[in-house]
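Hi everyone, thanks for coming. I'd like to walk you through one structure today, one piece at a time. Have a look at it first, and then we'll start.

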Amino acid sequence: MESELVRLCIEAACENRESVEKWRRQRRSLERLPSHLADALLRRLIHRRLLFPSLLEYLFHFFSSFKILRMTNLKELDLSRCMKVTDAGIRHIISISTLEKLYVSETGLTTNGVTLISSLKNLSLLDLGGLPVTDQALSSLQVLTELQYLDIWGSEVSNKGAAVLQKFSKLSFLNLSWTNVTKLPNLPSLECLHMSNCTISSLLEGDGGKPPLKKLIFSGAKFENEAKALMHIETSFLSFLDASNSSLQRFCFLPNMEALKHLDLSSSIMGDDLVKHVACVGANLRNLNLSKTRVSSVGVGILAGHLPNLEILSLSYTPIDDVAVSYISKMPLLRVIVLSNTNVKGFIHQKGAEPDFFLSLKALESLNHLERLNLEQTSVSDAALKPLSSFQELRDLSLRSASLTDVSLHYLSSLPKLTNLSIHDAVLSNSGLNLFNPSATLKKLDLCGCWLLTEDAILSFCKKYPQTEVRHELVHILPSNPNGSNSPSPSRLTSRTLLVNQKQGNISISSSFVDQRLKYNREELLALQYSSFSLAIPLDRGSTTSQLLMNQSSSMS
Amino acid sequence: MRKEDMVKLISAEGFEFVIDKDAAMVSQTINNMLTSPGSFAETQHGEVTFPEISTTILEKICKYFYWHLQFASGKETEFPIEPELTLELMMAANYLHT
């Protein structure tokens, strides 16, 4: 029997949407709420029709008991990373026989809980990522013949369990990353396969039709014998291949992948000697990532004429120099070019000619679609950036060099579509910033590490350009937001970390830094901003780590 | 007013609320503490400490005691609760059986 005041509290808590907003962020209180109060609160929320899906999903993080929910027509339920969902919770969930999609990755489920899922016969999607799924548990799931999507990354499944996968005749998506599976039997409907960080000895060997594979993710995988391992794969439909960080050595299979659009070979053994294999399949490529490989300007030269449709090219951390830039200009549809951490200087010396050097970046002028250019950690100087001022489509520019000065800012004033500009660690002065007259499209200006700037100068710039969000260690100014939304946006999160970091002084970022967004989900991040942990989040997560995020997200997707 | 008719409720932060014993008795838990046979410190000094209840919440609780007495005597008013207090107040009320 509820006491009088408890009843009044629950009524007040569920008065309307606004009152729910007032308490829903009180995570510590929600965690301590006794289960009968949690149930009463949920019941009242349902009664008042205030329990919208995102709130329910959020509350699952705190409440372990939700037996009062009668969701007879529910088709899709995402409980990923809800640690309080355990085997007891799954017992309630399996009563929802209509479920077609169930996400329970990284929850508190044990092998027993996974076995219980076998009674949800209508499941077409099942995400068990990060759960202790054993061969036996997987075997008990073979009654789920409607399954099209199965994610069991990080499970305990071995080759024995992998043999069971053949029972799922409709399976088109399979994620076996971080498992001990080395031999995958033939799965005739498979279109997308993740085997990141696996040791692969044979793939899709066996009777039946060859699966129409479209997407293969081998990031960090080891191959005992790549020719043998990949022998049984039908590659003519393959459009996405991520072999970053893998042990692939010879790339002889590449020429058979004519439909390839996205190719990630970063941190692989790829080099000038092997790049001809990439050139063979260049005709359809849209996105090519060769960062952290041995490919030099010579290799880019080999690729130059073979990539007519390439839109995104990443060559960061490669030994390329300015000669590569002129080859890159022969790829007409490029939108994004990443040349960070390379030997690009921005000009090439010519002996005997007059003048004895020319500006290499000028060659990129011919790329009419160029939207993003990253030249961070290169030795480009002010003079080398002069050609950029005529790039009509450039929206996003990242620079990071201690040799850049106000002169660079001046060149960039004339870019008509510039939206995002990041100049780190440059020697920009107050008067230089004062004279900077960017296009009205500028939304973000990141000046972190520009140590000469003072707070007053930055504030006066912010006043002059209220639509621009400025990032710097000394300020946390945000563009005036006419919508006045209540939910904290990512940019507000940044401003908070900036504010906190300011007290700590500058925090240097180690190269091994892992993007916090991968480690935490959104709610956790929101909670973190009020805790001391946020001190550890470097202040410019956005721009400097975007490369890292790109690399890792491909293995996560 | 006699001292025996008053009780002192102490919050987690150490704030003291001196209220009528009749009001405090609205809580079944406090009632049990103050009337139970034996020599509980609470019974002797008329003092109860709540290390789990913050000052804001304890103040609200005290207000509720008085409101409850008035309500019971026929004065029908609303007891306003700010939404941001609901979770903590709910847990305190649950503990105090009020």
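Let's begin with chain B: of its 98 residues, 30% count as buried. Please keep in mind that this is a predicted model. Chain B has five helices and three strands. If you start at the N terminus and read along, the elements come in the order β-β-α-α-α-β-α-α. There is also a number for how the chain folds back on itself: among contacts in chain B with a separation of 6 or more, 68% are between residues 24 or more positions apart.

Now, the strands. In general, strands of a sheet pair through backbone hydrogen bonds, and they can do that in a parallel or an antiparallel way. In chain B, three strands make an open sheet, with the order β2-β1-β3 and mixed pairing. So which strands stand at the edges? They are β2, residues 16-20, and β3, residues 47-49, of chain B. Each has a single partner strand, so one side of each is left without a neighbour in the sheet. On average, neighbouring strands here are turned by 25 degrees against each other, ignoring direction.

Let's zoom in on one pair. Strand β1 of chain B, residues 6-10, pairs with β2(B) in the antiparallel sense, over five bridges.

α4(B) and α5(B) pack with their axes 10 Å apart, at an angle of about 60 degrees. Why do we call them oblique? An angle counts as roughly parallel under 35 degrees and as roughly perpendicular from 65 to 115; at about 60 degrees, α4(B) and α5(B) are therefore oblique to each other. The crossing of α4(B) past α5(B) is right-handed. On the α4(B) side you'll find Ile57(B), Lys60(B) and Ile61(B), and they meet Glu88(B), Leu89(B), Ala92(B) and Leu96(B) in α5(B). Sorted by class, that contact has five nonpolar residues, two charged ones and no polar ones.

Next, where the two chains touch. Chain B brings 15 residues to the contact, and chain A brings 20 residues. Which helix gives the most on the chain B side? That is α5(B), residues 86-96, with eight residues. By class, the side of chain B that touches chain A holds nine nonpolar, four polar and two charged residues.

Let's finish with chain A, where I picked two places. In one of them, helix α1 (residues 4-13) and helix α4 (residues 35-47) of chain A pack at about 45 degrees, with axes 9 Å apart. That makes α1(A) oblique to α4(A), and their crossing is right-handed. Val6(A), Ile10(A) and Ala13(A) of α1(A) make the contact with Leu37(A), Ala40(A), Leu41(A) and Arg44(A) of α4(A). Six of the residues in this contact are nonpolar, one is charged and none is polar.

The other place is strand β21 of chain A, residues 420-424, which is mostly covered, with four of its five residues buried. Strand β20(A), residues 396-400, pairs with β21(A) in the parallel sense over five bridges. There, Leu399(A) stands opposite Ile423(A) in β21(A).

How values were computed. Residues are numbered from 1 along each chain as its sequence is written. Chains are lettered from A and ligands numbered from 1 in the order in which they are written. This is a predicted model: local features need pLDDT of at least 70, side-chain atom pairs count only at pLDDT 80 or more; totals for chains, interfaces and linings use all residues. Two strands pair if DSSP finds at least two bridges between them. Axes are lines fitted to C-alpha atoms, for helices over the stretch in contact, and angles run from 0 to 180 degrees between N-to-C directions. Two residues are in contact if their C-beta atoms, placed from the backbone, lie within 7 Å. Ala, Val, Leu, Ile, Met, Phe, Trp, Tyr, Cys and Pro count as nonpolar, Asp, Glu, Lys and Arg as charged, and the others, Gly among them, as polar. A residue is buried if 20 or more other C-beta atoms lie within 10 Å of its own, exposed if 12 or fewer, and partly exposed in between; C-beta atoms are placed from the backbone. Angles under 35 degrees count as roughly parallel, over 145 as roughly antiparallel, 65 to 115 as roughly perpendicular and the rest as oblique. A crossing is left-handed if the near helix is turned anticlockwise from the far one by less than a right angle, and right-handed if clockwise.
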